[in-house]
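Hi,

Here is the structure I said I would pass on to you.

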Amino acid sequence: MSYQGKFRVWRGDDSGGGLEDFTVEVNEGEVVLDIIHRLQATQAPDLAVRWNCKAGKCGSCSAEVNGRPRLLCMTRMSIFEEAETITVTPMRTFPIIRDLVTDVSFNYTKAREVPSFQPPKDLAPGEYRMQQVDVERSQEFRKCIECFLCQNTCHVVRDHEENKEAFSGPRFLMRVAELEMHPLDTADRVDQAQDDHGLGYCNITKCCSEVCPEHIHITDNALIPMKERVADRKYDPIVWLGNKLFRRS
Amino acid sequence: MARAQIAARTLRTDRWWLPPLTTFAGLLLISIYAAFRTFQGDFYWVDQYHYLTPMYSPCLSEECVPAASHFGQPLPALPGFLTPPVVIIPFLLGFRITCYYYRKAYYRAAWASPPACAVAEPHAKYTGETRFPLIAQNLHRYFFYAASILLCVNIYDTVLAFGTGLGLGNLILLVNVSLLAAYTLSCHSCRHIAGGRLKHFSKHPVRYWMWTQVSKLNNRHMQLAWASLIFVCLTDLYVALVASETISDLRFIN
């Protein structure tokens with residue numbers, strides 16, 4: 001079951017570019033990345049695309065297919081009509097290097113801004129003891145493959161380049177949440193989330209959760225719980241009073 | 001380095017505009033109905049069967065029908081066009097407006113921020129919930145506390161209505177409070193207060209259990225938000241129709 005599929009692929013670099021039309025053979029069971037590879041092999045040998053595992057685990061082949069942020073290797077051709085023209089473009093939020101490859105170093109900069117795990121000072125490596133229920137929440141966030149599709153789709157930076165400095169994006173707010181919920185982490189992550197990583201910019205429209213290929217509930221399990229912790233700290237005098245009365249830190 | 005030059009606002013080919021449009025139409029219709037009923041000031045109490053619409057509960061001012069004021073009338077008659085619900089509506093509205101689900105719904109549907117995922121928003125600037133007035137969304141938990149009290153009042157009204165027998169109205173009121181309870185308990189603030197704020201679940205097994213139960217409900221928060229909102233209106237409509245003698249209540253006992 002093969003057919004000739006119609007594709008529009010963005011070609012260019014930071015000096016300019018546009019969508020180019022191609023007709024490429026599509027076979028049963030293929031994914032969009034297979035088509036891009038066939039396009040490279042048969043018609044556009046200089047087409048740039050970043051990929052690695054072809055199994056949805058390395059997070060390399062993030063792009064946009066028909067305008068929706070997706071992993072090229074996990075987007076089956078069977079979800080499209082045979083007559084449909086499929087548009088493949090690079091992630092919009094990040095600077096373009098060439099064709100489908102973007103410079104995602106914004107994310108590495110933001111990753112470095114999150115202080116690392118800080119265990120209690122009197123606890124040596126090897127002495128960590130914790131129960132499964134205490135680490136379950138953080139473990140969900142460890143499923144992240146760092147494809148940065150959530151960062152790409154978040155309108156806070158996608159539509160407003162000027163917010164990139166103040167806002168770390170859902171991936172790294174989730175990292176802050178992961179550490180904040182870790183039973184052995186002693187750092188104060190709540191003020192950091194609001195003041196240093198721009199949690200207040202998030203208006204919980206859930207696009208990060210919608211595009212996550214690992215189906216992590218980023219908004220419900222990381223961002224909203226962090227917003228609630230910030231509300232505890234900054235906006236809830238009842239909690240403040242309780243902390244004073246019962247001498248909780 | 002610059003971004004890839006793509007002029008189109010979005011390259012999405014699906015009907016991405018349909019969900020925000022449906023949401024907007026739904027919220028607008030319900031708002032119009034709720035405003036009309038709020039300022040109608042009538043047909044909220046069925047004396048024969050003790051049905052009180054949730055929109056007028058508790059009825060605390062002097063213009064209320066005395067039998068409908070289950071908690072007395074501590075407030076004087078309200079001036080001008082104001083009706084009894086204006087005392088409680090701000091709390092109910094506040095709970096829904098600051099709700100994490102409704103925020104998503106109206107930010108997308110009414111403010112196009114963004115209208116849909118990967119569709120560019122029309123605004124030149126964006127500061128999110130970092131400053132006034134949207135920073136007030138952080139008050140959600142206070143509205144949750146108020147809504148919880150009003151839920152208890154609604155449950156009390158529903159139980160009282162069973163004192164006159166059993167009719168379709170009783171069942172409608174019962175389903176209404178069940179949906180309101182499920183929506184209120186599924187709230188993200190409730191989930192946080194129940195146990196989400198803890199770092200060590202293993203040290204607080206009861207709160208961990210409560211958190212897991214609220215989390216199960218929380219997974220259905222959007223569905224519960226819509227179901228409870230629509231059913232409040234349907235309950236109010238039924239009470240209004242019976243109170244105005246447009247229809248008669250279907251009675252099973254008495």
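Predicted model: local features only at pLDDT ≥ 70, side-chain atom pairs only at ≥ 80, totals over all residues.

**Where the chains meet**

Let's begin with chain B against chain A. On the chain B side, 53 residues are in contact with 66 residues of chain A. Together the two chains bury about 5,000 Å², and carbon and sulfur atoms give 49% of that area.

I get 38 residue pairs in polar contact between chain B and chain A, counting pairs with both residues at pLDDT 80 or more. The side of chain B that touches chain A draws two or more residues from each of α3 (100-109), α4 (140-161), α6 (188-196) and α7 (205-218) of chain B. By type, the residues on that side come to 23 nonpolar, 16 polar and 14 charged. The interface also has 7 salt bridges. For an example, zoom in on A:K227 and B:E129, which form a salt bridge with their closest N and O atoms 2.8 Å apart.

**Two domains in chain A**

Chain A itself splits into domain 1 (2-102) and domain 2 (105-245). Their C-alpha centres lie 31 Å apart, and the contact between them takes 15 residues from domain 1 and 17 residues from domain 2. The area buried there is about 1,200 Å², with 55% coming from carbon and sulfur atoms. On the domain 1 side, A:P69, A:T93 and A:F94 lose the most area to domain 2, together 48% of what that side buries.

Between these domains I count 2 salt bridges. A:R158 forms a salt bridge with A:E64, where the closest N and O atoms are 2.9 Å apart. Strands β3 (62-65) and β4 (68-71) of chain A each supply at least two residues to the domain 1 side of this contact. The residues on that side divide into 7 nonpolar, 4 polar and 4 charged.

**A covered helix**

Last stop: helix α6 of chain A, residues 170-180. How many of its 11 residues are buried? The count is 10, so to speak a helix that is mostly covered. Among the buried ones are A:F172, A:L173 and A:M174, along with the charged A:R171 and A:E178. The cover over the buried residues includes α2 (105-112), α3 (132-141) and α9 (218-235) of chain A, among others.

Cheers

Definitions and conventions. Residues numbered from 1 in each chain as written. Chains lettered and ligands numbered in written order. Heavy atoms only, no water. Contact = heavy atoms within 4.5 Å. Buried area = accessible area lost by both parts, 1.4 Å probe. Salt bridge = Lys/Arg side-chain N within 4 Å of Asp/Glu carboxyl O. Polar contact = N/O pair within 3.5 Å; in protein donor to acceptor, adjacent residues only side chain to side chain. Helix = DSSP H or I, 4+ residues; strand = E, 2+ residues; numbered from the N terminus. Buried < 20%, exposed > 50% of the residue type's maximum accessible area, 1.4 Å probe, protein only. Domains from an automatic or database assignment.
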